[in-house]
Amino acid sequence: MSAAALPMIAPPARPALLREWQLALPLGIFFFAFVFFPLLMLGYVSLHQDAQLTTRGLDQYAKFFGDAFNWRVLGNTLLLGLQVTVVALLIGYPLAYLYSISSRRVQQLLIFLILLPLLTSAVVRTFAWIVILGRQGIINTALLELGWIEAPLKLLYTPMAVTIALAQIELALMVLPLITALGHIDPNLAHASRALGAGRWRTFFQVTLPLSMPGLLAGCLLVFAAAVSAFVTQTLVGGGQMLFMPFYMYQQAVQANNYPFAATIAMTLLLSVLAIVTLVNFLCRKSKGFVHG
């Protein structure tokens, strides 16, 4: 029998599970070292009563939740995240919908404009809003020259300024998931709805909007999480006149050297955001069930 006629014996294949484990190992090590382990340390520090970390206890949590002032700071932070999310949604959804129905050339222009702010840091964009909203800023200067106002308006260092600035800075996080969700919708569904007698708005609310709900919820989640933790924008545009959890954390850690209480603030904000993430994931599953059910 010739060598060519001999059956080829393939080397034993390595288990797929082992290969997947080896591929995930570097990412797992990175995640543990730079995400999970620091969170463990943060939780460990929050379980101490003194800055020297000599006495353990839950006194820091009792101190936080036993003071109405801390509840107001937490509530204002979460409310800011909600307001920013709503503004970003009102701007981002029409922009994403316009992208989905535009020609290829217009889509290229829109995606360039959406991604362009991401090429600059959040600090630069925050200072741009300070220039726009300041007493001698672009808006006040234009209104004064047009004669519409007699004195500069107080636009900077207000809750509205923080909300608008954060909504613009985090807008791409809303638009990109919506573009992806709208891009996966079969255009024939809208055509079928029109053929059955539904108008443009009825087609949008009964076909397009429900099918894009996973992208909408993902965008809301990303914007909310980014807004409540945006220390730079909250501090610079707010001018330190409004206290939110990130700046409160900074005050306790850097200015008061009370690291256990600062860690407690961080853990409280983290757990609050995780609770909202859980709720959003639940709504996302509901939306998928509604779409495919």
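**Figure 1. Packing of helix 4 against helix 3 and helix 8.** The buried residues of helix 4 are in contact (heavy atoms within 4.5 Å) with helix 3 (68-101) and helix 8 (171-183). The model is predicted: local features need pLDDT of at least 70, side-chain atom pairs count only at pLDDT 80 or more, and totals for chains, interfaces and linings use all residues. Residues are numbered from 1 along each chain as its sequence is written, and side-chain values use heavy atoms, with hydrogens and water left out. Helices are DSSP runs of H or I with at least four residues, numbered from the N terminus. Helix 4 covers residues 104-115, 12 residues in all. From first C-alpha to last, helix 4 reaches 16 Å, close to the 16 Å expected at 1.5 Å a residue; the expected span is 1.5 Å times one less than the number of residues. Gln107, Leu110 and Ile114 are the buried residues shown in helix 4, where buried means under 20% relative accessible area, exposed over 50%, and partly exposed in between (1.4 Å probe, protein chains only). Seen down the axis of helix 4, the buried residues fall within an arc of 65°, so they line one face of the helix. That arc is taken from the directions from the helix axis to the C-beta atoms. An α-helix has 3.6 residues a turn, so residues three or four places apart point the same way.

Figure 2. A pocket is found on a 1 Å grid over the protein atoms alone, as an open set of points where a 1.4 Å probe fits, with protein on both sides within 12 Å along at least five of seven lines; lining residues have an atom within 4 Å of a point. Of the 15 lining residues, Tyr97, Ile101, Pro187, Ala190 and Thr208 are the closest to the centre of the pocket. At least two lining residues come from each of helix 3, helix 8, helix 9 (187-195) and helix 10 (200-211). The lining holds seven nonpolar, five polar and three charged residues. Here Ala, Val, Leu, Ile, Met, Phe, Trp, Tyr, Cys and Pro count as nonpolar, Asp, Glu, Lys and Arg as charged, and the others, Gly among them, as polar.

**Figure 3. Tyr157 and Thr158 in the loop between helix 6 and helix 7.** Helix 6 spans 138-146 and helix 7 spans 159-169. Tyr157 has a positive phi of about 65°, although it is not a glycine. Tyr157 is partly exposed, at 35% relative accessibility, whereas Thr158 is buried, with a relative accessible area of 14%. Leaving aside neighbours within four places in sequence, Thr158 is in contact with Val237 and Met242.

Figure 4. Asn257 is not a glycine, yet has a positive phi of about 55°. At 45% relative accessibility, Asn257 is partly exposed; Gln252, at 15%, is buried. Not counting residues up to four places away in sequence, Gln252 touches Asn257, Asn258, Tyr259, Phe261, Ala262 and Ile265. Gln252 and Val277 are 25 residues apart in sequence and 26 Å apart in space, C-alpha to C-alpha.
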